[in-house]
Amino acid sequence: MMKITFPGNKKVDANFNGFTVHTDQARQGGGDGTAPAPFDYFLASLGTCAGIYVLSFLQSRNLPTEGVEIEQKIQWDPIKRRIGTIALDIQVPKGFPEKYKGALVNAANLCAVKQYMENPPAFDVYTTEVERKEVAEVSMN
């Protein structure tokens with residue numbers, strides 16, 4: 001389970017497995033700009049997810065990881081007014097074995113976040129009333 005809390009202003013935190021992921025909105029969005037926005041984490045999850053598959057591929061073949069990076073590029077769709085394409089450019093150093101380049105792409109495509117984007121789960125959003133001693137009743141004025 002993940003518990004979402006509201007520590008103040010435009011901050012929203014996700015608490016799970018002993019970790020807290022802090023989010024905030026940019027100053028121009030009314031936030032304090034103290035942490036990435038939730039959508040930034042979403043984008044980062046795509047790149048880092050692909051990255052763990054690329055890293056695992058390299059490590060399993062004792063290939064060097066030094067000089068290997070993934071550059072994630074976002075292409076805006078002006079008609080839909082949203083991201084149209086997310087490109088992952090796996091950059092390898094000169095002399096990287098040609099026979100592994102396609103396999104790196106295949107490894108990145110195994111990313112679970114990408115897989116869920118392609119076949120999204122259903123969402124169930126609802127409210128429940130709970131009694132908490134430390135929280136006063138909400139005024140409905």
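This short talk goes through the disulfide, a strand contact and a surface patch in the structure above.

Before the details, please keep in mind that this is a predicted model, in which local features need pLDDT of at least 70 and side-chain atom pairs count only at pLDDT 80 or more, while totals for chains, interfaces and linings use all residues. Residues are numbered from 1 along each chain as its sequence is written, and side-chain values use heavy atoms, with hydrogens and water left out.

Let me start with the cysteines. A disulfide here is a pair of cysteine sulfur atoms within 2.5 Å, and searching the whole structure turns up 1 disulfide. The partners are Cys49 and Cys111, whose sulfur atoms are 2.3 Å apart. The pair links distant parts of the chain, 62 residues apart, with Cys49 in helix 1 and Cys111 in the loop between helix 2 (101-108) and helix 3 (112-118). Helices are DSSP runs of H or I with at least four residues, strands are runs of E with at least two, and both are numbered from the N terminus. The link between Cys49 and Cys111 is right-handed, with 125 degrees about the S-S bond.

Are these two cysteines buried or exposed? Cys49 counts as buried because its relative accessibility is 11%, and Cys111 counts as buried because its value is 2%; buried means under 20% relative accessible area, exposed over 50%, and partly exposed in between, with a 1.4 Å probe and protein chains only.

Helix 1, which covers residues 38-60, also holds Ile52. Ile52 counts as partly exposed because its relative accessibility is 45%, and together with Tyr53, Leu55 and Leu110 it makes a nonpolar surface patch of about 330 Å².

Now to the strands, where I would like to look at Thr23 and Val12 together. Thr23 lies in strand 3, residues 19-23, whereas Val12 belongs to strand 2, residues 11-16. The side chain of Thr23 reaches the backbone oxygen of Val12 at 2.5 Å. Thr23 is buried because its relative accessibility is 9%, while Val12 is partly exposed because its relative accessible area is 26%.

Which residues does Val12 contact, leaving aside neighbours within four places in sequence? With contact meaning heavy atoms within 4.5 Å, Val12 is in contact with Ile4, Thr5, Phe6, Pro7, Val21, His22 and Thr23. Thr23, not counting residues up to four places away in sequence, touches several residues, including Lys10, Ala35, Pro38 and Tyr41. Finally, the C-alpha atoms of Val12 and Gly102 are separated by 39 Å, and these residues are 90 residues apart along the chain.

Technical notes:
A polar contact is a pair of N or O atoms within 3.5 Å; within protein, one must be able to donate a hydrogen and the other to accept it, and residues adjacent in sequence count only if both atoms are side-chain atoms. Patches are made of residues with over 30% relative accessible area and no salt bridge: like charges are joined within 9 Å, nonpolar side chains (Val, Leu, Ile, Met, Phe, Trp, Tyr) within 5 Å. Accessible areas come from the Shrake-Rupley method with a 1.4 Å probe; for residues, only the protein chains shown count as cover. A salt bridge is a side-chain nitrogen of Lys or Arg within 4 Å of a carboxyl oxygen of Asp or Glu.
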